[in-house]
Amino acid sequence: MAKVKILVEGYARELERGWLACSTVALIESKGKLIISDPGCNREKLLEALNKEKLKPEDIDFIFLTHGHVDHSLLAGIFKNAKYVTFESLMYDKDFQLEFEEDILGPDTRVIKTPGHSAEHISLIVNTDKGKYAIAGDVFWWVDGEEQAIDINKEDTAHPAELNVEELRKSRKELLEIADYIIPGHGAVFKVKK
C-alpha cells in the first residue's frame, strides 16, 4: 500500500494588496517511487521538510501538480530528476510531453479530474492502509483561522475569473464520496464523515 505524509501544511492569509500563501505539500511513497504533490512556493519550508525526511530534491521521482496556480507550482523546477504529472493531462519527462494513464503513479493511486477552482484541476486518490486519501489541491481550501467546515457550496473568491461554481460543487461532492481523508490545498488534513 502507498503511504502519505504531509511535509508542509498549506496556509493562506489575505493581505491588503495580495496573499501570504503556500500550498500543502505531501510526500507519497508508491511502488518504490517518491512523489511530491504541489511543491508550493516556500523554498525554505520545503527544503527543511525534505531534510527532516533525509531526502534531497534529486531523490524525488515524480511531481504531481493539481493545477497551475503559482502558490502550488512555483518550486516544481527544483526536482531535477523528477517527471511531472500535470493538470494538463500530460506527463513531462524533460522535453517529452506524454499522455498518462490514471494509475501512472502506481497501482495504489488514481488521478481524477476535479475542475471548478480552475478548469484543468486534477486530484490524486491514494490508497493506504489507513484508508483513501484525496490530495485535493484547491477543491477544498481555507484561509488561516477559518473554521474548516465542510460545505460543497462554500464560496471560492481567490480566482473568480477562472472559477466554475457548478463544476467545483461536483468535484467537492465526488471527493467526499471517494475519500476517507482529504488533504486540502490550504489547511489541515480532515477525515470525511460518512
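Ser89 is partly exposed, with a relative accessible area of 29%; partly exposed lies between buried (under 20% relative accessible area) and exposed (over 50%), with a 1.4 Å probe and protein chains only. The model is predicted, so local features need pLDDT of at least 70 and side-chain atom pairs count only at pLDDT 80 or more, whereas totals for chains, interfaces and linings use all residues. Residues are numbered from 1 along each chain as its sequence is written, and side-chain values use heavy atoms, with hydrogens and water left out.

Ser89 sits in the loop between strand 7 (83-85) and strand 8 (90-93); helices (H or I, at least four residues) and strands (E, at least two) are DSSP runs, numbered from the N terminus. The phi of Ser89 is positive, near 65 degrees, in a residue other than glycine. Lys54, also not a glycine, has a positive phi of about 60 degrees. Lys54 belongs to the loop between helix 1 (43-52) and strand 6 (62-64) and is exposed, at 75% relative accessibility.

Lys5, in strand 1 (residues 3-8), is partly exposed at 41% relative accessible area. Beyond its neighbours within four places in sequence, Lys5 is in contact (heavy atoms within 4.5 Å) with Val25, Ala26, Leu27 and Glu53. The side chains of Lys5 and Glu53 are joined by a polar contact of 2.7 Å; a polar contact is a pair of N or O atoms within 3.5 Å, where within protein one must be able to donate a hydrogen and the other to accept it, and residues adjacent in sequence count only if both atoms are side-chain atoms.

An open sheet of 5 strands has the order 10-11-12-13-14, with mixed pairing; two strands pair if DSSP finds at least two bridges between them. Strand 10 (109-113) and strand 14 (190-191) are at the edges with a single partner strand each, so one side of each has no neighbour in the sheet. Strand 11 (residues 122-128) and strand 12 (residues 131-137) are paired in the antiparallel sense over 5 bridges, and Leu124 stands opposite Ile135 in strand 12.

The buried residues of helix 3 are Leu168, Ser171, Arg172, Leu175, Leu176 and Ile178. Seen down the helix axis, these residues fall within an arc of 165 degrees (taken from the directions from the axis to the C-beta atoms), so they line one face of helix 3. Their cover includes strand 10, strand 11, strand 12, strand 13 and strand 14. At the start of helix 3, a side-chain oxygen of Asn164 comes to within 3.3 Å of the backbone nitrogen of Glu166.
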